[in-house]
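I opened the model to look up strand pairing and the nonpolar core. My notes follow the structure.

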Protein chains: 2
Amino acid sequence: MKNINRRQFTKKASWLTGSALLSSAAPVNYPVVHHVFFWLKNPQSVSDRDKLVAGVKTLAKIKSVRQLHVGIVAGTEKRDVVDQSWAVSELIFFSDLAGQETYQSHPVHLEFIKNYSHLWDKVVVYDAQNV
Amino acid sequence: MKNINRRQFTKKASWLTGSALLSSAAPVNYPVVHHVFFWLKNPQSVSDRDKLVAGVKTLAKIKSVRQLHVGIVAGTEKRDVVDQSWAVSELIFFSDLAGQETYQSHPVHLEFIKNYSHLWDKVVVYDAQNV
């Protein structure tokens, strides 16, 4: 349902504004952005990293998760401001703060923590509201 | 052009897979994700925060920037793992690593640094490659 709405939104937006909106790298309309970075207990273990990646992907089952992106450290240039010490990133878009709350207490999320938290040493979360 | 391609992708994907892909919170196809968090020199200054927000939004002019999301700290619950000490977030999707390199040295990005870096005290960047 949510994705049908998104397609309708895209179609409507392009009809209303022509290429103006579309050419400005318009973000999708999910304004609550949950950025999570995980550091592994065994940072050298590709196997543990891949297990955690698989675990994070289970979070897509939660209905309030509008988009889920799972990442590993990209091969960009080393610069002082770039933190490359983490192992797995989780980026989730929610439609609203209520969606984030639903996610936090959702059985699929609790199951993820139960099954995968032994793999990580540290987690840092940044919750942003698009402006 | 890039957004026409995206619309074509969405249309094709929905035709190929019916609702399966669309119902799994499928991420858009921009696999390089550049997360940036800014801490202000004057963390209490809403005016400085808003100036920086406006500055970050200029980055949408860079063609390799496929999506730009600009955020401020969301009103989610306070938890030990949630960092709420930053002020402005910049989230950019690129099609590839080359797009990120183009962005780094692009005149619009250099102008942004020149005009707005006096506002920030610290920047942390996480570059992720979706998996």
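I took strands as DSSP runs of E with at least two residues, numbered from the N terminus, and counted two strands as paired if DSSP finds at least two bridges between them. The model is predicted, so I kept in mind that local features need pLDDT of at least 70, side-chain atom pairs count only at pLDDT 80 or more, and totals for chains, interfaces and linings use all residues. Residues are numbered from 1 along each chain as its sequence is written, while chains are lettered from A and ligands numbered from 1 in the order in which they are written.

Entry: pairing between chains. I found β4 of chain A (residues 120-130) antiparallel to β2 of chain B (residues 67-73), with 3 bridges. Opposite Ala128(A) I read Val73(B), and opposite Asn130(A), Gly71(B).

Entry: pairing within chains. In chain A, β1 (residues 32-40) runs antiparallel to β4(A) over 9 bridges; Trp39(A) faces Lys122(A) there. In chain B, β2(B) is joined to β3 (residues 88-94) by 5 bridges, also antiparallel. I noted Gln67(B) and Phe93(B) as bridge partners.

Entry: core. I used buried (20 or more other C-beta atoms within 10 Å of the residue's own, C-beta placed from the backbone) Ala, Val, Leu, Ile, Met, Phe, Trp, Tyr and Cys residues joined through C-beta atoms within 7 Å. The largest nonpolar core has 50 residues, and Phe38(A) and Phe38(B) have the most contacts inside it.

Technical notes. Buried ≥ 20, exposed ≤ 12 C-beta atoms within 10 Å, placed from the backbone. Helix = DSSP H or I, 4+ residues; strand = E, 2+ residues; numbered from the N terminus.
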